[in-house]
Every structure is written in structure tokens, then in C-alpha cells.
Amino acid sequence: MSGRAPTAGELDAAGRRRVRIPPVLMYHSVSPSAQPDPHRVRVSPDRLDRHLRLLRRLGLRGVSLAELLAARERGAAAGLVALTFDDGYADFVEHALPVLARHQVTATLYVVAGLLGGRNDWDDGPRLDLLDAAGVRAVAAAGHEVGSHTLTHADLRGADPVTLAHEVGESRRVLQDVLQAEVPGFCYPWGRFDGAAAKAVRRAGYDHACVTGDHLPGDRFTLPRAYVAPGDGAPHLLAKLGRYRWRMRSVAPAPAR
Ligand SMILES: [Zn+2]
């Protein structure tokens with residue numbers, strides 16, 4: 001699927017399609033907890049609320065990444081910013097959903113499909129509870145996108161083909177079974193990926209995938225995101241969003257699938 005045909009202004013001198021990189025913010029845990037947060041994955045609900053108020057003042061609306069990409073294909077992505085939350089922490093239902101609902105925005109939650117109802121054993125930091133299947137269904141029922149973050153939060157960079165097929169493909173099957181719906185989005189744990197991992201994601205039937213931070217070449221299966229830190233105030237968020245204004249890159253057209 002290559003989306004709508006590029007207009008002249010979107011083609012560079014070499015005839016490659018110029019794609020505006022969609023602005024995507026990356027959050028993790030949302031909680032008022034004061035426990036140590038050595039991996040800097042926690043944003044308080046108050047801070048998330050302030051971020052969403054700022055977006056509204058800027059004339060921006062938060063949407064899931066799938067919604068942003070669909071809008072981009074219709075040429076209607078102006079004013080949208082994707083909100084993504086990694087790992088599927090249980091606090092999402094209690095602390096993020098009410099804030100998102102208050103601002104009438106949607107988001108994407110990337111869950112570790114093989115650890116539903118478990119804990120974040122992949123980290124050496126504090127153990128945090130993960131949503132179970134009912135929690136994941138509640139998130140989807142509230143209008144948010146649920147995407148895959150592998151089965152076990154595996155590092156896919158350099159992974160062998162069997163591991164790739166299992167972590168990428170089986171996690172999609174598990175989530176589609178839980179949700180009884182298509183799962184179009186994937187997110188590489190730690191943002192680590194390589195060409196084989198991106199190919200495995202495409203092969204497993206996903207529509208798009210996102211990484212962490214900057215990367216090259218950048219396409220639909222390696223979409224960059226801006227990490228939001230626990231202490232980020234308005235200037236930080238403005239700086240992170242501002243970088244997207246000029247981030248036009250020439251990339252090959254999306255492959256037919
Ligand atoms: Zn993660």
C-alpha cells in the first residue's frame with residue numbers, strides 16, 4: 001500500500017518521494033508514584049495533563065499512530081501528533097485513560113503480548129505491573145489503538161529468523177486473539193532494530209512500526225519518535241515537536257504489500 005499518489009512538491013530532484021515524518025511522542029508509565037524511577041519511564045498524570053493542554057493551545061490534537069498515518073495518506077495529518085505509550089503498564093488504565101478522555105484524544109499503547117498480567121522483568125529497575133488481557137481490551141474499548149511490543153520485550157537487533165518470526169508474528173496473533181481485531185502497529189523494544197527485524201515486521205502483516213529517536217533511512221516500518229522524559233516541561237516538549245517541522249526526508253515509496 002503506497003497511499004495517495006505523491007504531489008509534485010513531495011518529490012525531490014531524484015524523483016524520490018518526500019515524506020513528512022509524523023510527529024510522534026513516546027511515553028511509558030503514567031503514575032503519581034514517588035518510587036525511584038532510575039530508567040526515567042514515569043510521567044505523572046498531572047504532567048501528562050499539562051502536556052495535552054499545551055498541545056491544545058498549539059492547535060494540535062493527539063491521536064493514535066495508526067490514525068495519524070491514515071490521516072497522512074488522506075493528506076489530512078496537519079495538526080495531528082501521535083501519542084504512544086510503551087510496555088502496557090497497568091497504571092495506563094487508572095492514570096492515563098482519564099486524562100486522555102478529559103482531553104478527548106486517543107493514543108497507541110504497545111503491550112508485551114506474552115507478559116499480559118505479568119511484570120516488567122526485562123528491566124533491572126523497579127518491578128511494575130503490566131495490564132492483563134481484560135485491561136488491554138478495556139484500553140481498546142475506550143477507543144485507543146493497541147499495538148505489539150513483541151512477546152517478551154525481546155531485543156530484535158541481530159535476532160535469528162526463528163526468534164524474529166516468533167516475537168513479531170506470535171505477538172500479533174496473541175493480541176488479535178485478545179482483541180478480536182486487526183493489530184496494525186508494532187514497536188521495537190528499546191527501539192533496537194535492524195533490516196531483518198523490519199522485514200519480519202512487514203512479513204508478519206503489520207502496517208507500520210516505530211523505533212526510538214532518530215534513525216536512517218526512516219520509513220513506515222522504522223518511524224522515529226521523540227522520548228518524553230519525566231521532567232519535561234513546555235520548553236522541552238516544544239523543542240521536541242519543533243524538530244518535526246523541518247524533518248522532510250527523501251525515502252523510497254512504501255513497498256507494495
Ligand atoms: Zn519497551
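In this predicted model, Arg225 forms a salt bridge with Asp86 (a side-chain nitrogen of Lys or Arg within 4 Å of a carboxyl oxygen of Asp or Glu), the closest N and O atoms being 2.8 Å apart. The pair links distant parts of the chain, with Arg225 in the loop between β10 and β11 and Asp86 in strand β6, 139 residues apart; helices (H or I, at least four residues) and strands (E, at least two) are DSSP runs, numbered from the N terminus. Arg225 is buried at 2% relative accessibility, and Asp86 is buried at 3%, where buried means under 20% relative accessible area, exposed over 50%, and partly exposed in between (1.4 Å probe, protein chains only).

The structure holds 12 salt bridges. Another joins the side chains of Arg220 and Glu73, at 2.9 Å from N to O. Arg220 sits in the loop between β10 (208–210) and β11 (226–227) and Glu73 in helix α2 (residues 65–73), so this pair ties together parts that are 147 residues apart in sequence. Arg220 is buried at 11% relative accessibility, while Glu73 is partly exposed at 21%. Asp49, Arg53 and Arg102 are also linked, in a network of salt bridges.

Next comes the metal site. The zinc ion is coordinated by Asp87 (OD), His149 (NE2) and His153 (NE2), at 2.1 to 2.2 Å. Asp87 lies in strand β6 (residues 80–87) and His153 in the loop between β8 (145–148) and α5 (161–179), so the two tie together parts that are 66 residues apart in sequence. Both Asp87 and His153 are buried. Donors are N, O and S atoms within 2.8 Å of the metal (3.2 Å for Na, K and Ca); water is not among the atoms, so sites may look incomplete.

Residues are numbered from 1 along each chain as its sequence is written, and side-chain values use heavy atoms, with hydrogens and water left out. Because the model is predicted, local features need pLDDT of at least 70 and side-chain atom pairs count only at pLDDT 80 or more, whereas totals for chains, interfaces and linings use all residues.
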